[in-house]
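Here is a short report on one chain and its fold. Look over the sequence and the model before reading on.

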Amino acid sequence: MKITSAEFIISNSDASKCPNEPLPEYAFIGRSNVGKSSLINMLTNHKNLAKTSGKPGKTQLINHFKINQNWFLVDLPGYGYARVSKKTKETFQKFITDYFETREQLVCAFVLIDIRLEAQKIDLEFINYLGEAGVPFCIIFTKADKIGKVKAQQNVAAYKKKVLANGWEEMPQHFITSSSDGTGKESLLTFIDQINEG
Ligand code: GDP
């Protein structure tokens, strides 16, 4: 699939106010600075559809983008940044969990993980939450250009071990990506396309 149109529709902090249109929906979420905005911009061939920023925690809303007039790409707030209050964290958490637990159009959540890092507790907890809530998800490893191909495979294998040790029977479907060199773009878009074409 090639993305030919990507249109911002709405931002909100209330899952019930997301668009009513019954289009399949794919959500992107991860820790702040994981490379989510860069990935969304890469996938959609936009320089600045999602705001790329050095400052963690800037996108704090549910952002809907309509893609090719036939599916929604949803940019969810980054989690796990230190500089917000506990209260703010709880509020975010509530609308994100509301979104995951009520959004019928949601086909797949993509959980972004920086391929360079060891498995982080917060990501493993989040993956477990999705599993318990019955939300279909895939893992997207980001920033693969920052390490070599061999190291990337080693890190994914190490990640898999952690996921299995964390109670999963198998490693969820995953993609290795780089927004800098386009690695993984085709695989991800094909994956989405195949589901949409059903
Ligand atoms: P977000 O907070 O998750 O939206 O992360 P951003 O997309 O704003 O990226 C955070 C930082 O990582 C920025 O400085 C990006 O330029 C950098 N970055 C993101 N993706 C990649 C990538 O695939 N390769 C490299 N080398 N840098 C990346």
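β6, helix α4 (residues 149-165) and β7 form a right-handed β-α-β unit. Right-handed here means that, with the strands pointing away from the viewer, the path from the first strand over the helix to the second runs clockwise. Helices (H or I, at least four residues) and strands (E, at least two) are DSSP runs, numbered from the N terminus.

This is a predicted model: local features need pLDDT of at least 70, side-chain atom pairs count only at pLDDT 80 or more, and totals for chains, interfaces and linings use all residues. Residue numbers start from 1 along each chain as its sequence is written.

**The sheet**

Seven strands make an open sheet with mixed pairing, in the order β1-β3-β4-β2-β5-β6-β7. Two strands pair if DSSP finds at least two bridges between them. β1 (6-12) and β7 (174-176) stand at the edges with a single partner strand each, so one side of each has no neighbour in the sheet. From one strand to the next, the twist averages 25°.

| Strands | Bridges | Direction |
|---|---|---|
| β5 and β6 | six bridges | parallel |
| β6 and β7 | three bridges | parallel |

Ile113 has Phe141 of β6 as its bridge partner. Ala109 stands opposite Phe137 in β6. The chain passes from β5 through α3 to β6, and this β-α-β crossover is right-handed. On the β7 side, Ile140 stands opposite Phe175.

β6 is mostly covered, with five of its six residues buried. A residue is buried if 20 or more other C-beta atoms lie within 10 Å of its own, exposed if 12 or fewer, and partly exposed in between; C-beta atoms are placed from the backbone.

**The core**

The largest nonpolar core has 40 residues. Such a core is a set of buried Ala, Val, Leu, Ile, Met, Phe, Trp, Tyr and Cys residues joined through C-beta atoms within 7 Å. Among those with the most contacts inside it are Phe28, Val74 and Leu112. Elements giving two or more residues include α1 (36-44), β5 (106-114) and β6 (137-142). The largest share, six residues, comes from β5.

Leaving aside neighbours within four places in sequence, Leu112 is in contact with residues including Phe28, Val34, Leu39 and Ile140. Contact means that the C-beta atoms, placed from the backbone, lie within 7 Å.

**The last helix described here**

Helix α5 (residues 185-197) has 13 residues. Just after α5, Gly198 takes a positive phi of about 45°.

How values were computed
Contact = placed C-beta atoms within 7 Å. Axes fitted to C-alpha atoms, helices over the stretch in contact; angles between N-to-C directions. Expected span 1.5 Å × (residues − 1).
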